[in-house]
Amino acid sequence: CRVVVLISGSGSNLQAIIDGCDDNLNADVVGVISHKPDAYGLIRAHQSEIDTSCVIPYANEARSDYDARLLKAIEKYQPDLVILAGFMRILTDELVSHFLGKMINIHPSLLPKYTGLHTHQRAIDSGDKEHGASVHFVIPELDAGPVILQAKVPIYPEDNAEVLAERVHEQEHAIYPLVVKWFSLGRLAMTDGKAYLDGELI
Ligand code: GRF
């Protein structure tokens, strides 16, 4: 399974997937794409001798023009699966539709709770007792695609957003490679906006 990973920053999830591929994920990260030239994840990719591309937005570039360039950069790798791993740009419907059922994202909340940003602080402010991360198929609506796998963590009274984010991150590194493995083994599918594992509705 040929995998392309889109990043904006640290790329710790990218690293977890690279490490998993070295073991037994049945997948190969064939390219890493960033919209920021200084994303640390690009260094991680170089260290693992993975090809990288930077697609940097021009000043005032229309989103559709940017995504057309991004699409080309992704297609260059002929991926079976496109993974968003901390990619902090909203994608056009067109781009998402192009990869429907072949694009997944990880979001740091127990979806459908807390789509968008600042999820850790929002979970704390709401007095939640638990929080977590969700891997989901990407659909045009932001963070609204069908959930494939979630991991839960407790929220303790003394937590701040930073501590909680770290606890969630650890779980992300466990669940994301697992979902990649399921996909690469042909066990996962999205049909009519619903996610299936081994033919069973998730
Ligand atoms: C993760 O928390 C992920 O859930 C969110 O962005 C963060 C990326 O972290 N979408 P990293 O770059 O993989 O370390």
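The bend at a residue is the angle between axes fitted to the seven residues ending there and the seven starting there. The model shown is predicted: local features need pLDDT of at least 70, side-chain atom pairs count only at pLDDT 80 or more, and totals for chains, interfaces and linings use all residues. Residues are numbered from 1 along each chain as its sequence is written.

**View 1. Helix α6 and its kink.** Helices are DSSP runs of H or I with at least four residues, strands are runs of E with at least two, and both are numbered from the N terminus. A kink of about 25° in α6 is centred on Glu172. The expected span of a helix is 1.5 Å times one less than its number of residues. For the 24 residues of α6 this gives 34 Å, and the end C-alpha atoms are 34 Å apart, which agrees. A residue is buried if 20 or more other C-beta atoms, placed from the backbone, lie within 10 Å of its own, exposed if 12 or fewer do, and partly exposed in between. The buried residues of α6 include Leu164, Glu172, Tyr176, Pro177, Val180 and Phe183. Gly186, with a positive phi near 75°, follows α6.

**View 2. The shell around the ligand.** The ligand is surrounded by 15 residues, a residue being counted as near if its C-beta atom, placed from the backbone, lies within 6 Å. Ser10, Ser12, Asn13, Gly86 and Pro108 are the closest. At least two shell residues come from each of α1 (12-23), β5 (103-107) and α6 (161-184), and α1 gives the most, with three. The shell has six nonpolar, eight polar and one charged residues. In this classification Ala, Val, Leu, Ile, Met, Phe, Trp, Tyr, Cys and Pro are nonpolar, Asp, Glu, Lys and Arg are charged, and the others, Gly among them, are polar.

View 3. The twelve residues of α1 reach 17 Å from first C-alpha to last, close to the 16 Å expected at 1.5 Å a residue. Buried residues of α1 include Asn13, Leu14, Ile17 and Cys21. The buried residues of this helix pack against β1 (2-7), β2 (28-34), α2 (40-47), β4, β5 and α6, where contact is two C-beta atoms, placed from the backbone, within 7 Å. A nonpolar core is a set of buried Ala, Val, Leu, Ile, Met, Phe, Trp, Tyr and Cys residues joined through C-beta atoms within 7 Å. The largest has 53 residues, of which Val5, Ile17 and Ile83 touch the most other members. The largest share of this core, seven residues, is from α6. Beyond four places in sequence, Ile17 contacts Val5, Val29, Ile83, Tyr176, Pro177 and Val180.

View 4. The peptide bond from Leu111 to Pro112 is cis, with omega near 10°. Pro112 is in the loop between β5 and α5 (119-125). Gln78, not a glycine, has a positive phi of about 50° and sits in the loop between α3 (63-75) and β4 (81-84). Gln78 is exposed, with 10 other C-beta atoms within 10 Å. Asp192, in the loop between β8 (188-191) and β9 (194-197), has a positive phi of about 45°. Asp192 counts as exposed, with 6 C-beta neighbours inside 10 Å.
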